[in-house]
Amino acid sequence: MIDINDRRIIKRSIEAIKKLSSKLDNIKIMHLCGSHEHVICKYGIRDVLPENITVIPGPGCPVCVTTQKEIDTAIYLAEEGYTVVTLGDMYRVPGSRKSLMELQSEGADIRIVYGIGDAVRIAEKEGEKVVFIAIGFETTAPTTAAEVVNVRSRKIDNFYILNCHRQIPPVVEFLLEEGSNIQGFICPGHVATITGLKPYYKLCSRYKIPMIVAGFEPVDVLVSIVMILEQILNNSYKVENEYRRAVREEGNPIAQRLINEVFEPADMPWRGFPVIKNGGLKLRKKYRNLDIYYHEDIPEMKEVVNSNCICGEILRGKKLPTDCKLFGKYCTPINPVGSCMVSEEGTCYIFYKYRGFI
Ligand code: SF4
């Protein structure tokens, strides 16, 4: 297990990356988490990598991958008189007409909370029709599942969720299937605390690509890059757990059972992607009366995004924020045009924060 406070490991890892990379052609590695992008930008990790080793951000921010249709649906519900409860970042993501923040300034009942439990308490206390925007990957799905079970067992009949939960492994499969030129993945450690390593085994063996489950310290990222380069040189592709201080092989079976009790896999679009097979989760039949789509006849929304915003290509690892002509000029964290500039996990936000306007 890595001692994250041992600075000698950082030095040794940088030296190992240099040595290994000298025997390789260009290598592109994708990570799948905004927290990894934070660490990479904050500690200047790209600056110590050899020229032929590139680490690119992928679709690892739950707010960023939420579609504009989902934002517009939340806006529709607020306009229809629902109390819409959300985590802070979703509040500022532009919809096709406006954001939830702008709608609140017009008098709509929009609340920001720390978690779904707060939303349930609002429903219980105030008796209004409350809809919670449930976003996130396998990390937040167990919390949503626990509250769904709670709400059903306590027969709270004025609480619903706008379900936007997504699963990480299917989007990795999509990227590999579409032939993205990626030679290794740094997989999000917090997701694996729930799922364990199993979901990555099939992908690793089918596509013969290194997959390293990594923690969120600079040393974790550097050691993960070393592990990927070693695998490529040895031609032995496997899933490895760099984050053993938090991730167990089997993950968290209690959380997995909760997700499985409440949700089932569902095909779902991601921002910048088409519909991804099993890319999302939907409520099982037993719990579907908590699904706002089951409860309310919501009109079909169109996905209308600003044509100058390249969030979709950034999320697919094809471009960087600095390729966007709006970056830092017309699109800033104060005045975001796309979802990637809103959340602290968003690549555009992180690039802006650590690299300035450019
Ligand atoms: Fe979209 Fe703004 Fe990022 Fe450009 S800088 S891709 S407009 S979020």
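These are my notebook entries on a predicted model.

**Ground rules.** I number residues from 1 along each chain, as its sequence is written. For this predicted model, local features need pLDDT of at least 70 and side-chain atom pairs count only at pLDDT 80 or more, while totals for chains, interfaces and linings use all residues.

**Overall form.** I looked up the secondary structure and found 15 helices and eleven strands in the chain; these are DSSP runs numbered from the N terminus, helices (H or I) of at least four residues and strands (E) of at least two. I then noted that the C-alpha atoms fill a box of roughly 65 × 45 × 40 Å along the principal axes.

**Burial.** I found that 49% of the 358 residues count as buried. A residue is buried if 20 or more other C-beta atoms lie within 10 Å of its own, exposed if 12 or fewer, and partly exposed in between, with C-beta atoms placed from the backbone.

**Core.** I looked up the largest nonpolar core, which has 112 residues. Such a core is a set of buried Ala, Val, Leu, Ile, Met, Phe, Trp, Tyr and Cys residues joined through C-beta atoms within 7 Å. Val84, Val131, Cys187 and Ile225 touch the most other members. Helix H11 (residues 218-234) gives the most to this core, with ten residues.

**Contacts.** I checked Ile225 and, leaving aside neighbours within four places in sequence, found Ile225 in contact with Ile17, Ile29, Ile53 and Val55. Contact means that the C-beta atoms, placed from the backbone, lie within 7 Å. Among contacts in the chain between residues at least 6 apart in sequence, 75% join residues at least 24 apart.

Notes: Two residues are in contact if their C-beta atoms, placed from the backbone, lie within 7 Å.
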